[in-house]
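Hello,

Here is the structure I promised to hand over. Please open it first, then read my notes below.

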Amino acid sequence: MPWDTTLASLLWLIICVILIIGLAYWVTRYVAGRGVFGGLAGGRGLAILDQMILGRDQRVLLTQVGERYLLLGAAPGGITLLAELTAEEAAAWRGSPEGGDRPSFQEAFFTMLKQKGRR
């Protein structure tokens, strides 16, 4: 008798675990597909315009969030806001619509560092 109860309990536990994993998978797919959380889901209003890798797991990102342009530092410890750029600064980094010479992200980044250091 005790073996029958133990086996039934073990079988019930396995079924419950499988159901929980299946439900978690379904909810994750539903949330990702519908963009339930956050107004920027699916990339709407949020864009990574450019990036520069600084080292292992470290990079600088130029992002646009709505009408704001943010320079972010990303590392394993988290993401840090380095600067908020004006529309003019961001346009200079992205290049003018008329064409012309566009500085590379790295050149623009180091130029901005020099300008910020002088202030």
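Q64 is buried: its relative accessible area is 18%, and the cut-off for buried is under 20%. Please keep in mind that this is a predicted model. Q64 sits in strand β2, which covers residues 58-65. Its side chain makes a polar contact with the side chain of Y69, at 3.4 Å.

That brings us to Y69. Where is Y69 placed? Y69 belongs to strand β3. Is Y69 buried or exposed? Y69 counts as buried, because its relative accessibility is 12% and buried means under 20%. In β4, Y69 has L85 as its bridge partner. I also checked Y69 against A47. The two are 22 residues apart along the chain. Their C-alpha atoms are separated by 9.6 Å.

Strand β3 spans residues 68-75 and strand β4 spans residues 78-85. How many bridges join β3 to β4? There are seven, and the two strands run antiparallel. Together β3 and β4 make a hairpin, with two residues between them. Another bridge links A74 with I79, its partner in β4.

Now the charged side chains. In general, side chains of opposite charge can pair when their charged atoms come close. How many salt bridges does a search of the whole structure find? The search finds one. Its partners are the side chains of E84 and R68, at 2.9 Å from N to O. E84 counts as partly exposed, at 42% relative accessibility. R68 is partly exposed too, with a relative accessible area of 45%.

Four strands form an open sheet, in the order β1-β2-β3-β4. The pairing in this sheet is antiparallel. Which strands are at the edges? They are β1, residues 46-55, and β4. Each of these edge strands pairs on one side only. From one strand to the next, the twist averages 25°. As background, strands of a sheet pair through backbone hydrogen bonds. In a regular strand, side chains alternate between the two faces of the sheet.

Finally, the whole protein. It has three helices and four strands. What order do the elements follow from the N terminus on? They run α-β-β-β-β-α-α. The protein has 119 residues, and buried residues make up 18% of them. Its accessible surface comes to about 9,400 Å². Carbon and sulfur atoms account for 62% of that surface. Then there are the contacts between residues at least 6 apart in sequence. Of these, 20% join residues at least 24 apart.

- Find Q64 in β2, then follow its side-chain polar contact to Y69.
- From Y69, cross to L85, its bridge partner in β4.
- Look for the salt bridge between E84 and R68.
- End with the open sheet and its order, β1-β2-β3-β4.

Best wishes

Key. Residues numbered from 1 in each chain as written. Predicted model: local features only at pLDDT ≥ 70, side-chain atom pairs only at ≥ 80, totals over all residues. Heavy atoms only, no water. Pairing = 2+ DSSP bridges. Buried < 20%, exposed > 50% of the residue type's maximum accessible area, 1.4 Å probe, protein only. Salt bridge = Lys/Arg side-chain N within 4 Å of Asp/Glu carboxyl O. Polar contact = N/O pair within 3.5 Å; in protein donor to acceptor, adjacent residues only side chain to side chain. Axes fitted to C-alpha atoms, helices over the stretch in contact; angles between N-to-C directions. Contact = heavy atoms within 4.5 Å. Areas by Shrake-Rupley, 256 points an atom, 1.4 Å probe, with all protein chains shown as cover.
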